[in-house]
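Hello,

Here is the structure I said I would pass on. My notes follow it.

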Protein chains: 2
Amino acid sequence: MPTPVTEKNFAGRNRKSQSEFRKQQLIEATMDCIDKLGISQTTLARIAARAGLSQGNLLFHFQTKEALLEQTLRFLNDEYKSNWQDALAAAPENPGLQLRAMIKASFAARICNRKKISVWMAFWGESRSRPAYMRVCGANDKAFSDRLLALCEAIEVQTDARLSASTAALSIEGMIDGLWQNFLIGPSGFKRDQAIRAVFELVDAIYPGLTDE
Amino acid sequence: MPTPVTEKNFAGRNRKSQSEFRKQQLIEATMDCIDKLGISQTTLARIAARAGLSQGNLLFHFQTKEALLEQTLRFLNDEYKSNWQDALAAAPENPGLQLRAMIKASFAARICNRKKISVWMAFWGESRSRPAYMRVCGANDKAFSDRLLALCEAIEVQTDARLSASTAALSIEGMIDGLWQNFLIGPSGFKRDQAIRAVFELVDAIYPGLTDE
DNA sequence: AATAACTGACTGAATGGTCAATGAAAATCT
DNA sequence: AGATTTTCATTGACCATTCAGTCAGTTATT
């Protein structure tokens with residue numbers, strides 16, 4: 001369903017914010033296409049059609065197709081990053097609670113839904129052969145992993161742990177990713193709160209005394 | 001590096017096995033292309049060039065590009081499936097040892113290496129928009145999960161568990177997948193035996209009495 | 001008046017797929 | 001066993017379509 005370009009969209013907008021609006025609109029259309037057609041079938045013509053704009057206009061806002069795809073990935077990335085970082089900033093200064101905050105944030109509806117995961121995985125699938133993608137994806141993923149590991153290490157010195165921090169972090173992150181994939185299959189899979197509870201269960205098993213503090 | 005087509009390749013081959021040889025050769029070339037270029041840049045011309053055959057010949061053995069990609073995925077799938085199923089069949093009738101056998105098999109060099117994982121992820125990335133891929137990938141993945149879950153349930157009744165069988169299975173499988181992704185990054189990441197040991201650590205934490213039996 | 005936003009027609013290259021022609025192996029027939 | 005016909009494997013030229021990107025010209029904003 002193409003977003004109709006009505007005059008309303010531009011009410012009270014100057015040219016700068018109008019340009020931003022268009023870019024966002026095109027990024028949204030790109031995600032729709034990737035979700036429904038896959039990256040290999042996502043063409044400029046189709047993206048433009050879905051956005052309700054001409055292909056020429058698309059290339060006015062993004063100089064090349066690659067640039068558009070890269071910006072789309074960057075948008076996804078920023079959204080993902082700010083999501084867990086904000087959650088972490090809002091959590092109290094307690095590693096156990098912060099760990100839980102990160103896990104909970106991972107399943108926020110804004111980032112953890114079928115469409116977004118679908119697009120995310122499409123980029124991952126292409127990242128090996130596109131260094132630019134790899135850099136964006138990889139850096140983000142690493143920041144998340146590092147933070148998770150740091151929290152596990154902090155928890156380890158406070159309470160007794162049944163797993164080394166590195167293994168704990170790997171298993172928690174792996175379980176999150178696995179559950180994410182589950183959302184791809186459809187509504188028959190996990191629900192968000194179910195998923196969170198399941199990962200919490202793992203955390204409790206690794207750090208038995210954590211909840212009682 | 002295209003596989004040169006020398007007469008030697010066909011020494012002692014009849015037409016049927018020659019055809020099989022060609023198909024395998026083309027599937028191999030397809031995986032090379034997907035690994036190095038990504039699915040979206042993988043074209044018939046490039047696959048044929050890498051195999052050292054004409055594009056016409058490629059389409060003689062596989063009627064369409066889609067058919068070739070599907071067969072490539074099917075090959076990967078069969079290899080993966082037989083790998084863990086054979087390992088399971090060779091293991092003794094003990095759920096704990098069988099679980100370990102499955103984990104160990106997951107990291108076998110034949111299936112767990114940078115190229116194969118790269119191709120595998122490329123297909124996953126496209127699977128949402130291609131029901132045919134999804135069916136192949138999904139069915140395989142489900143068989144593996146189901147078996148893992150069944151083993152966890154069997155272990156649960158034998159020894160005490162710190163996690164429900166379903167959560168245990170999810171965390172183990174997730175950790176395996178997460179470590180797989182690690183191999184994509186390159187030689188700086190995990191080594192195979194390191195990865196196996198890490199997952200075993202998780203198993204020991206979930207089922208503390210398992211090793212002593 | 002100047003500049004930004006936008007359109008639609010256009011282009012050259014690339015892509016998936018077809019086809020007639022050719023050489024080689026297999027089956028069939030003397 | 002040798003000759004002949006049929007089938008298979010293979011090529012390279014060819015085709016229609018699609019693709020990303022260009023451009024001259026139009027409309028709206030500043």
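Chain A superposes on chain B by a rotation of 180° with 0.0 Å of shift along its axis, at an RMSD of 0.0 Å. The two copies are therefore related as by a two-fold rotation axis. Both use the same surface, since 100% of the contact residues of chain A recur in chain B. Please keep in mind that this is a predicted model.

The contact between the chains takes 34 residues from chain A and 34 residues from chain B. On the side of chain A that touches chain B, the elements giving two or more residues are helix 1, helix 6 (114-127), helix 8 (165-185) and helix 9 (192-206) of chain A. Helix 8 of chain A supplies the largest share of that side, with 10 residues. By residue type, the side of chain A that touches chain B splits into 14 nonpolar, 11 polar and 9 charged.

Now the DNA. There are 20 residues around DNA strand C, and those that come nearest are Ser19(A), Gly56(A), Asn57(A), Thr43(B) and Lys65(B). Two or more residues of the surface near DNA strand C come from each of helix 1 (15-37) and helix 3 (55-61) of chain A, and from each of helix 2 (44-51) and helix 3 (55-61) of chain B. The surface near DNA strand C is made up of 5 nonpolar, 11 polar and 4 charged residues.

Regards

How values were computed:
Residues are numbered from 1 along each chain as its sequence is written. Chains are lettered from A and ligands numbered from 1 in the order in which they are written. This is a predicted model: local features need pLDDT of at least 70, side-chain atom pairs count only at pLDDT 80 or more; totals for chains, interfaces and linings use all residues. A residue is near a molecule or strand if its C-beta atom, placed from the backbone, lies within 6 Å of it. Helices (H or I, at least four residues) and strands (E, at least two) are DSSP runs, numbered from the N terminus. Ala, Val, Leu, Ile, Met, Phe, Trp, Tyr, Cys and Pro count as nonpolar, Asp, Glu, Lys and Arg as charged, and the others, Gly among them, as polar. Copies are superposed by least squares on the C-alpha atoms of residues with pLDDT of at least 70 in both. Two residues are in contact if their C-beta atoms, placed from the backbone, lie within 7 Å.
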